[in-house]
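Me: I would like to learn how to read a structure like this one, feature by feature. Could you walk me through it?

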Amino acid sequence: MAGGAGPPAPSSQGNTLGTRFFVRVFCARMRRRFVLSVSRLIGIDPGLRHTGWGLVEADGNRLRYLGDGAVDSDGDLPLAERLRQLHDGLMTVMAHYQPNEAAVEETFVNRNPASTLKLGLARGVALLVPALVGLPVAEYSANVIKKSVVGTGHADKTQVQAMVKILLPGSCARSADSADALAVAICHAHHRATRLVWKSGGMS
């Protein structure tokens with residue numbers, strides 16, 4: 001309108017206050033996400049004779065070693081008793097470390113059907129125990145685990161164990177089974193971090 005006063009020009013003070021408010025909200029939301037992203041993860045490498053376990057703390061993309069070991073079964077006992085030993089041992093680990101999530105390595109088909117069946121039974125215990133204590137359980141194939149840890153799905157055990165030591169400073173796996181379990185935990189941490197990024201998708 002001719003001769004009329006236009007809308008008031010925005011003041012620099014108003015812009016500054018708006019920017020500060022935006023920054024405060026943004027930082028608060030990022031802090032909340034930062035806290036929620038920290039989790040204690042257990043990886044399990046199932047086996048009837050030795051079931052390895054490894055624990056890491058995942059803080060975004062940063063990992064911290066918490067512990068590792070293996071639950072053994074007595075080969076002289078009946079199969080049912082050996083499975084109970086695995087169950088009880090893993091339950092003890094869960095009670096002590098209280099992880100938030102679990103991951104289990106998928107088994108491959110062995111040429112020996114009897115060995116494949118026994119390994120599958122041990123894997124069933126490895127899946128059951130974390131589920132009994134209310135944990136979400138992820139499963140990863142050996143190739144996916146190797147690719148996540150080493151960068152190639154055809155890496156051998158020596159390469160995997162070497163990378164586990166690099167990715168988890170201070171770790172010294174007590175056995176090949178526990179080293180494999182730590183690799184499972186690392187794999188899950190990487191996939192979990194990716195899912196968190198996708199879920200966050202912005203500031204909402």
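Reply: Let's begin with burial: a residue is buried under 20% relative accessible area, exposed over 50%, and partly exposed in between, using a 1.4 Å probe and protein chains only. C172, with a relative accessible area of 55%, is exposed, whereas C187 has 0% and is buried. Please keep in mind that this is a predicted model, where local features need pLDDT of at least 70 and side-chain atom pairs count only at pLDDT 80 or more, while totals for chains, interfaces and linings use all residues. Residues are numbered from 1 along each chain as its sequence is written, and side-chain values use heavy atoms, with hydrogens and water left out.

Me: How many disulfides are there?

Reply: A disulfide is a pair of cysteine sulfur atoms within 2.5 Å. By that rule, the count here is 0.

Me: What pattern does the chain follow along the sequence?

Reply: Helices (H or I, at least four residues) and strands (E, at least two) are DSSP runs, numbered from the N terminus. This chain has 6 helices and 5 strands, in the order α-β-β-β-α-β-α-β-α-α-α. Of its 204 residues, 34% count as buried.

Me: Which residues is L182 in contact with, leaving aside its neighbours within four places in sequence?

Reply: Contact means heavy atoms within 4.5 Å. With those neighbours set aside, L182 touches G54, L55, V56, Y65, G67, D68, V164, L168 and A173. L182 sits in helix 6 (residues 176–200) and is buried, at 0% relative accessibility. Its C-alpha is 5.8 Å from that of G43, although L182 and G43 are 139 residues apart in sequence. For the chain, 62% of contacts between residues at least 6 apart in sequence join residues at least 24 apart.

Me: Which residues of helix 4 are buried?

Reply: In helix 4 (residues 142–149), they are I145, S148 and V149. These residues cover an arc of only 90 degrees around the axis, so they lie on the same side of helix 4. That arc is taken from the directions from the helix axis to the C-beta atoms.

Me: What is phi in Q98, and where is Q98 found?

Reply: As a general idea, most residues other than glycine have a negative phi. Q98 has a positive value, near 50 degrees. Q98 is in the loop between helix 2 (79–97) and strand 4 (101–105), and is exposed, with a relative accessible area of 58%. Just after helix 4, G151 also takes a positive phi, of about 110 degrees.

Me: How many salt bridges does the structure hold?

Reply: A salt bridge is a side-chain nitrogen of Lys or Arg within 4 Å of a carboxyl oxygen of Asp or Glu. There are 7 in this structure. One of them joins E101 and R192, with the closest N and O atoms 2.8 Å apart. E101 lies in strand 4 and R192 in helix 6, so this pair ties together parts that are 91 residues apart in sequence. Both E101 and R192 are buried.

Me: Which residues are linked in a network of salt bridges?

Reply: The network links E81, R84 and D88. Between R84 and D88, the closest N and O atoms are 2.9 Å apart. These two are 4 residues apart in helix 2, which means that about one helical turn separates R84 and D88. R84 is partly exposed at 41% relative accessibility, and D88 is partly exposed at 33%.
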